[in-house]
Amino acid sequence: KGPLLFLTDDIAPVSEDWLASLMDQLQTPGPGAVGPLLLYPDERVQHAGMYLRLPTGVGHILRGAALPAEDPLGFAVGAREVSCLTGAVLLTDRAAFEAVGGFDEQLAISFQDVDYGLKLHQRGLRNIFEPKSILIHMESATLGRSGGDRQVLMQRYLERKLFLKRWSPIFGADPFYPAGLDLDDESGRRLAQGGPRA
C-alpha cells in the first residue's frame, strides 16, 4: 500500500539518498508525485521539471544547462511545484495513481507521464521537482534503434494528436513557469518577445 516508483532502465543514481529525498517530499502535505533532477552523462540538465507550451506540448526546464552557472533564476536550487514531471524517474502516491486511473495506455510511447501529472493537478494534487535527488539519464536509450522506425513514428504522431486534443486548451499559460520567458527556449534564459504572456 506504499507509494509507487517508476524507473526506466537507463538511469544511474548520483546522490546516495536520491530515493529518500523523493520519499521525504512525497510525505509532505499535497504532492501527488515527485521527480528528481536528471542529468545527461555530460552532467548537463535533462530534467528539472516540465512546463506547458505549444506546438510541441511540453518543455523540459533547463534542458542542456550546466549547473549552477546556467541557472540564473534558480530553477534547480530547491524543491518547487511544476505542471508535470518526466516518467523516467517518478515517485507517486498509490491512492492518487489509482484515483486518476493511472497511466493512459493510449499514450504508450509519448506523453503518458505528462498526461498523468496534469490529471493529478486537476485533482488538486501537486507535482514536485526535488533537486536533492540526482540521477544520470541516458535519455531514449531504452528505445534503441526502434526510435526511428516508421511504425514508432506513426504511433508518436497519433499519441501527440490525442494528447494535444485533450490538453492544448490549458497550454501557453503555465502557472508554474515565469510568464516573461520564451516558451520555445528550454534553457530558461531567453525573454518572451512582446513581453510577458497573459
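This is a predicted model: local features need pLDDT of at least 70, side-chain atom pairs count only at pLDDT 80 or more; totals for chains, interfaces and linings use all residues.
Local features need pLDDT of at least 70, side-chain atom pairs count only at pLDDT 80 or more, and totals for chains, interfaces and linings use all residues. Residues are numbered from 1 along each chain as its sequence is written, and side-chain values use heavy atoms, with hydrogens and water left out.

The structure holds 8 aromatic pairs. Rings of Phe, Tyr and Trp (its six-membered ring) pair if their centres lie within 6.5 Å; planes under 30 degrees apart count as stacked, over 60 as edge-to-face and the rest as tilted. Phe97 and Phe103 form an edge-to-face pair, because their ring centres are 5.3 Å apart and their planes stand at 80°. Phe97 and Phe103 are buried. Buried means under 20% relative accessible area, exposed over 50%, and partly exposed in between (1.4 Å probe, protein chains only). Ring pairs also link Phe6, Phe97, Phe103 and Tyr116 into a cluster.

Phe111 and Phe163 are stacked, because their ring centres lie 4.3 Å apart and their planes are at 10°. This pair links distant parts of the chain, 52 residues apart. Phe111 is in the loop between helix H2 (94–99) and H3, while Phe163 is in helix H4 (residues 150–167). Helices (H or I, at least four residues) and strands (E, at least two) are DSSP runs, numbered from the N terminus. Phe111 counts as buried because its relative accessibility is 9%. Its phi is positive, about 70°, although Phe111 is not a glycine.

Helix H3 (residues 112–122) is mostly covered, with 8 of its 11 residues buried. Among them are Val114, Tyr116 and Leu118. Gly124 follows H3 and has a positive phi, near 85°.

Asp174 is found in the segment after H4. Asp174 counts as buried because its relative accessibility is 6%. A polar atom of its side chain lies 2.9 Å from the backbone nitrogen of Leu52. The side chain of Asp174 also reaches the backbone nitrogen of Phe176 at 2.8 Å.

Two further loops carry backbone features. Glu43 lies in the loop between strand E3 (31–39) and strand E4 (45–47). Its phi is positive, near 75°, in a residue other than glycine. Glu43 is exposed, with a relative accessible area of 57%. Pro68 lies in the loop between strand E6 (57–60) and strand E7 (80–82). A cis peptide bond joins Leu67 and Pro68, with omega about 0°.

Terms used. A polar contact is a pair of N or O atoms within 3.5 Å; within protein, one must be able to donate a hydrogen and the other to accept it, and residues adjacent in sequence count only if both atoms are side-chain atoms.
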